[in-house]
Amino acid sequence: MRRLTMSGSLDDRKETNRTLSHHILPSAATMVGICPTLIGLVKLTEVNGLVRQADECLGLITVLFVASALASYFSIRDRLGRDHSQWLEKMADLLFIVGLVALGCVAILFAFEWI
């Protein structure tokens, strides 16, 4: 039995939520490619061998984006059931948002030469 809401049916909202993984996967994969590029740029800006923590932070952020991409992929390919797939999708979303926030923080800290 389908329940109707102001914004449409309950089934339509669930289907819309299920497509979130299809958006997270390519975005997270792109960020996995951007982070090593940023690490290389940080290495190029090192002056007189001064080691900066930005490259290490970016390495950890890359791990977040890889985990997000994997969770999103497994959410799409999941055959264990809707609850498991939704949990994976929520984890992918959470990891992606944490990665974006962390990347923004590192960028600000690097711009002010605090790391």
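I take helices as DSSP runs of H or I with at least four residues, and strands as E runs of at least two, numbered from the N terminus. With that, I read the order of elements from the N terminus as β-β-α-α-α-α. I note that this is a predicted model.

**Entry 1: overall counts.** The protein has 115 residues, and 27% of them count as buried. I then looked at contacts with a separation of 6 or more. Residues 24 or more positions apart account for 71% of these. The protein exposes about 7800 Å², and carbon and sulfur atoms supply 66% of that area.

**Entry 2: helix H2.** I checked the length of H2 against its residue count. The helix has 25 residues, and its end C-alpha atoms are 36 Å apart. The expected value is 1.5 Å times one less than the number of residues. Next I listed the buried residues in H2: Ser-21, Ile-24, Ala-28, Met-31, Cys-35 and Val-42.

**Entry 3: the core.** I looked up the largest nonpolar core and found 16 residues in it. Leu-58, Ile-61, Phe-65, Phe-96, Leu-103 and Val-106 touch the most other members. Helix H2 (20-44), H3 and helix H4 (82-111) each supply at least two residues of this core. H3 gives the largest share, 6 residues.

I followed Phe-96 further. Which residues does Phe-96 touch, not counting those up to four places away in sequence? I found Ile-24, Ser-27, Ala-28, Met-31, Phe-65 and Ser-68. Among these, Ile-24, Ala-28 and Met-31 are on my list of buried residues in H2.

**Entry 4: the surface.** I searched for nonpolar patches. Val-66, Leu-70, Tyr-73 and Phe-74 make one of about 350 Å². I placed Val-66 in helix H3, residues 54-77. Is Val-66 buried, partly exposed or exposed? Val-66 has 34% relative accessibility, so I class this residue as partly exposed. The cut-offs behind that call are under 20% for buried and over 50% for exposed.

**Entry 5: the segment after H4.** I went through the backbone angles and stopped at Glu-113. Phi of Glu-113 is near 55°, a positive value in a residue other than glycine. I marked this because most residues other than glycine have a negative phi. Where is Glu-113? I located Glu-113 in the segment after H4. The relative accessibility of Glu-113 is 63%, so this residue counts as exposed.

Methods. Residues numbered from 1 in each chain as written. Predicted model: local features only at pLDDT ≥ 70, side-chain atom pairs only at ≥ 80, totals over all residues. Heavy atoms only, no water. Buried < 20%, exposed > 50% of the residue type's maximum accessible area, 1.4 Å probe, protein only. Contact = heavy atoms within 4.5 Å. Areas by Shrake-Rupley, 256 points an atom, 1.4 Å probe, with all protein chains shown as cover. Patch = residues over 30% accessible without salt bridge, like charges linked within 9 Å, V, L, I, M, F, W, Y side chains within 5 Å. Salt bridge = Lys/Arg side-chain N within 4 Å of Asp/Glu carboxyl O. Core = buried A, V, L, I, M, F, W, Y, C linked by side-chain atoms within 4.5 Å.
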